[in-house]
Each structure stands twice: as C-alpha cells, then as structure tokens.
Amino acid sequence: HVPVVLFTADLRLHDHPPLRAALDAADAVVPLFVRDRAVEAAGFAAPNRRAFLDGCLADLDAGLRERGGRLVVRSGDLVGEVCRVVAEADADEVHMSAGHSRFAARREERLRSALEAAGRRLFVHDAVTVAVPPGAVTPASSDHFAVFTPYYRQWERVPLRQVAGAPRRVPVPGGVGGEEVPARGGSTGASPALPPGGESGARTQVTAYWRRGLDAYDTARDDLAADATSRFSAHLHFGTLSPVELVHRARRHGGAGAEAFVRQLAWRDFHRQVLAARPEAAHADYRTKHDRWRTERTAGADIDAWREGRTGYPVIDAAMRQLRHEGWMHNRARLLTASFLAKTLYVDWRIGAAHFLHWLVDGDLANNQLNWQWMAGTGTDTRPNRVLNPVTQGRKYDPDGAYVRRWVPELSGVGAPSVHEPWKLPAPDRAALDYPDPIVGLPDGLDRFRRARGKQP
Ligand code: FAD
C-alpha cells in the first residue's frame with residue numbers, strides 16, 4: 001500500500017495535510033510534482049514564476065532527502081502522468097490539495113475519473129492553499145460574493161484546523177523514476193532581483209518578519225519606500241508557506257499589526273471564493289460591464305509607455321520598473337499603476353492584468369484578476385468611480401521621494417516634493433533631466449474616464 005502525494009500549489013513539508021494523511025495511512029509514499037503542459041501552454045509558466053518554481057522544487061527535494069525520501073518530478077499531461085506513476089508504484093490512492101480556479105476544478109475531475117476507472121481513489125484536502133476554503137463562509141446578503149467586509153466578519157469566526165508539523169521521515173519506495181530536479185533559480189528572461197523560491201527560505205523570512213516587521217504592518221504597509229510588507233506573496237502562491245499556519249501564528253503574536261496582516265490573508269481567501277463561484281471573472285467584467293475600453297489598437301503608445309515605466313508620472317514609472325526588476329511590486333504601487341492604466345488612460349484592465357501576470361512572481365489568477373477588476377471599477381470595489389491621482393498619492397505614500405529615486409535614476413538628484421511633479425521644476429532644471437513629460441494630463445484623463453462611464457465631464 002503506497003499512496004501518491006501530488007504536490008501542486010503547496011510546495012512544502014510543514015503543515016501539509018495531504019502528505020500527513022498519506023503518511024498516516026502507509027509506511028512509504030511517492031511525493032510527486034508534475035509540470036503540467038496545460039499550465040505551460042496557457043502561458044502561465046512565465047520566466048519569473050518558472051525560476052521561482054525551480055527553487056521550490058529543489059528545496060522540497062532537499063527537504064525530502066533529509067527525511068529519507070526524494071521528490072519525483074515528471075512533465076506532461078498531469079492526469080496521464082499521475083496515472084502512470086500510480087501504475088508504476090502500484091499505488092491505490094492519491095492525495096492532493098484542492099485548487100479553486102475553473103482549470104483546477106476540471107483537472108481534479110478528470111483525475112478523479114481516470115483514477116476511479118483504474119480502481120484507485122483520489123483524496124482532495126481542503127484548507128491547504130487557503131485558510132478558509134471557498135464556500136465555508138456564505139454571508140446572508142444576496143450580494144454575498146461581492147462585498148469583502150461581511151465576508152471578513154464571518155471569515156474571522158471560522159475555526160481553523162490544527163497546524164500539522166513537518167514529518168520526521170518520508171520513506172519513498174524505489175522503482176519510480178523522474179526527471180532531474182532542477183537547480184535553484186537561473187531561468188532565462190527572469191528578473192535580475194528575483195527572490196529565491198523554497199520553503200526553507202520562506203520560513204526564515206517569516207521568523208525575520210515576525211521579529212522586525214509585523215508589529216508595524218498596520219501603520220507602515222502603505223509607505224512605498226519603507227517596503228514594510230511581508231513579501232510572502234510568492235510563497236503563498238506556490239504554497240511554500242501555509243496560510244492556516246500564518247493565521248495561527250499571527251493571532252498568537254497579537255496586536256494591531258498582526259490583525260491587519262490577517263485581514264490581508266482574508267482578502268486572499270475572498271478572491272479565491274469569488275473566483276471559485278464565478279470562474280468567468282478571470283476574464284469578464286465581474287459586476288459592472290464596460291465596453292468602451294481603449295486597447296492595443298487605439299492606445300498602443302500609451303500602453304507601451306506604461307509597461308516600460310516612461311509615462312512621465314514618477315511614482316507610476318518607479319512602480320513599473322520595480323515590477324520588471326524584482327518580479328514584485330508594492331501593493332500601493334499596484335493600486336496606483338492599475339488605476340492609472342484602467343482609469344486615467346482608460347485602457348482595458350485585461351491588458352494590464354496580462355502584463356502583471358507575465359512579470360509577477362506572485363502572479364496569481366484570483367488575486368491578480370480580481371484586484372485589477374477592483375481597481376478598474378468592474379469588480380467588488382464599493383467605490384468604482386474612484387480615480388487615484390499619482391501626484392497626490394505619490395506625495396502621501398512616498399513623501400521624501402525615496403521610492404521614486406530608487407527606481408527612476410533620471411530623478412535621483414531631484415528632492416521632494418518636485419520629484420513627484422518634475423514638470424514644475426524651473427525650465428533649466430527640467431530641461432537638464434532626461435525624463436519624459438507626462439503622456440496625458442490628469443484632467444484630460446479624468447474627462448475621458450467620465451465620458452466613457454457616461455458621466456458629465
Ligand atoms: P502583505 O501586505 O505582506 O500581505 C500579506 C499577504 O496577504 C500577501 O502576501 C497576499 O497573499 C495577501 N494579500 C495582501 N493584499 C492582498 C490583496 N489586495 N488581495 C489579495 N491578497 C492580498 N497578489 C498576489 O498574490 N498575486 C497577484 O497576482 C496580485 N496582483 C495584484 C494586482 C493588483 C492590480 C493589485 C492592486 C493587487 C494585487 N495583488 C496580488 C495583491 C497585493 O498587492 C499583493 O498580494 C501584495 O502586494 C504582496 O506583497 P506582500 O506579500 O508583501 O503583501
């Protein structure tokens with residue numbers, strides 16, 4: 001009796017219910033990861049996430065080896081590969097964690113049918129990649145998938161499962177072959193300052209953040225230059241950190257910082273719940289439909305300037321350059337750049353979301369698409385017509401201009417507050433800067449936005 005443990009978005013050994021259940025039921029298991037061709041064909045395996053994933057797999061394999069096992073890596077159609085491994089190991093059951101996109105749900109169903117046809121069983125474990133699984137919270141209002149606050153009030157009260165420790169030993173039988181486990185990092189086209197993937201690094205990062213960052217999370221998280229957020233997002237996306245464990249640990253730690261941090265983890269679950277209920281929200285306007293978006297054809301030059309960080313709005317350009325350099329962007333900067341593209345430039349949010357998904361190491365269908373919809377005013381935002389002003393927001397969240405100067409070297413000699421409005425510098429100073437003029441005036445952008453939304457300019 002040898003179960004297969006299929007790792008997906010849960011690349012860790014601590015707090016891993018499928019692994020724990022398999023080890024409870026047998027003396028040895030086959031830990032398997034399949035590089036699913038369908039994920040690659042959908043363009044989702046972008047260079048940054050591929051490099052990070054390689055780090056995660058290398059670290060998982062190392063962790064398993066310390067425990068007497070190893071990771072089996074295969075490539076191809078996930079269902080076909082799992083069935084092959086099951087046959088090779090003569091396994092009778094497969095354990096995996098639940099996914100929440102339409103793609104994951106269909107894949108899980110195909111796998112279940114294929115295994116059952118072969119007389120094998122599939123066990124799908126909940127609350128592995130989320131703290132509270134989709135559907136566990138259903139606020140009474142009719143709008144229950146659309147508003148965060150009532151969701152959160154109930155989310156807070158859901159009892160979480162216990163944290164499962166990492167197993168001491170994971171014996172793996174011989175005879176099931178796999179590919180070479182990739183070396184850590186080093187994928188072509190990846191961002192130069194990409195963080196490394198892997199559970200061991202993630203756990204060290206948690207310890208450090210608990211010591212030095214968490215208590216100030218509520219007051220400093222919006223400060224662009226302080227960079228005071230956890231940077232756990234890629235670890236949560238790949239499952240090198242467990243959301244259940246993080247919530248338990250943050251609650252034990254206590255205080256306003258920890259509370260605000262837990263609330264953000266609830267946002268993550270909320271978006272998964274929305275996507276599980278309405279999978280089409282990954283691509284279609286969720287609540288409010290808009291059909292006058294500008295596109296590549298009508299706004300190509302503006303879109304290129306936005307992507308390349310040369311819009312002439314310093315905080316926008318800083319953020320877009322951070323994205324390419326690190327494969328990550330500060331949340332406040334994501335809000336500003338998304339508002340700028342979808343509202344000030346009135347460009348289809350899907351174009352921005354696709355660019356983010358290409359570069360973000362934490363690029364995640366639920367979080368990315370639904371946050372974009374939130375900012376574009378098509379999603380769950382209760383103030384869909386709010387437009388964030390990059391100058392006033394820059395002054396507020398980067399008062400000294402340190403964030404801008406870090407990412408836009410053309411402005412490295414400009415102090416605050418001019419650094420957020422370099423076009424207002426005296427003419428000779430302005431002329432000395434090798435930095436573009438704004439591609440659009442903010443009032444013009446606002447007029448276009450209001451006209452497109454059918455409001456009086
Ligand atoms: P922290 O502030 O330390 O938060 C802790 C964790 O809470 C994060 O790691 C994340 O898992 C979760 N979280 C925080 N804010 C949000 C939020 N608004 N929605 C959902 N979960 C949140 N996050 C992604 O993980 N992947 C994406 O592809 C993604 N795309 C985004 C696109 C836009 C336009 C916007 C506005 C936000 C997006 N976010 C996305 C949410 C958020 O910006 C990031 O999760 C956060 O910046 C990651 O940094 P951190 O880990 O330091 O976050």
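Q: So helices here are DSSP runs (H or I) of at least four residues, numbered from the N terminus; which of them each supply at least two residues of the shell around the ligand?
A: In this predicted model, helix H9 (233–238), H11, helix H14 (331–344) and H16 each do so.

Q: And which residues come nearest to the ligand?
A: The ligand has 27 residues around it, and those that come nearest are Thr229, Ser230, Ser233, Asn368 and Asn371.

Q: What's the shell like by class?
A: It divides into 11 polar, 10 nonpolar and six charged residues.

Q: You mentioned H16; how does it pack with H15?
A: Two packed helices are described by the angle between their axes and the distance between the axes. For helix H15 (residues 349–359) and helix H16 (residues 365–376), the angle is about 145° and the axes are 10 Å apart, and the crossing is right-handed.

Q: Which residues meet there?
A: From H15 come Trp349, Gly352, Ala353, Phe356 and Leu357, and they meet Asn368, Gln369, Trp372, Gln373 and Ala376 of H16. By class, this contact has six nonpolar residues, four polar ones and no charged ones. Asn368 of H16 takes part in this contact and is also one of the residues that come nearest to the ligand.

Q: Changing topic, which residues touch the most other members of the largest nonpolar core?
A: That core holds 119 residues, and Val4, Val30, Leu32 and Val82 are the ones that touch the most other members. Helix H11 (residues 256–277) gives the largest share of the core, nine residues.

Q: What does Leu32 touch?
A: Leaving out residues up to four places away in sequence, Leu32 touches Val4, Val5, Leu6, Phe7, Val72, Arg74, Val82 and Val85.

Q: What about the backbone, where is there a cis peptide bond?
A: One joins Ala416 and Pro417, with omega about 0°, and Pro417 sits in the loop between helix H18 (402–407) and helix H19 (427–432). Most residues other than glycine have a negative phi, and most peptide bonds are trans.

Q: Then which residue other than glycine has a positive phi near 50°?
A: That is Asp15, in the loop between strand E1 (4–7) and helix H1 (17–25). Asp90, which is not a glycine either, has a positive phi of about 55° and lies in the loop between helix H4 (78–89) and strand E4 (93–97).

Q: Is Asp15 buried or exposed, and why?
A: Asp15 counts as buried because it has 24 C-beta neighbours inside 10 Å, where the cut-off for buried is 20 or more.

Q: And Asp90, buried or exposed?
A: Asp90 is exposed, because 11 other C-beta atoms lie within 10 Å, and 12 or fewer counts as exposed.

Conventions:
Residues are numbered from 1 along each chain as its sequence is written. This is a predicted model: local features need pLDDT of at least 70, side-chain atom pairs count only at pLDDT 80 or more; totals for chains, interfaces and linings use all residues. A nonpolar core is a set of buried Ala, Val, Leu, Ile, Met, Phe, Trp, Tyr and Cys residues joined through C-beta atoms within 7 Å. Two residues are in contact if their C-beta atoms, placed from the backbone, lie within 7 Å. Axes are lines fitted to C-alpha atoms, for helices over the stretch in contact, and angles run from 0 to 180 degrees between N-to-C directions. A crossing is left-handed if the near helix is turned anticlockwise from the far one by less than a right angle, and right-handed if clockwise. Ala, Val, Leu, Ile, Met, Phe, Trp, Tyr, Cys and Pro count as nonpolar, Asp, Glu, Lys and Arg as charged, and the others, Gly among them, as polar. A residue is near a molecule or strand if its C-beta atom, placed from the backbone, lies within 6 Å of it.
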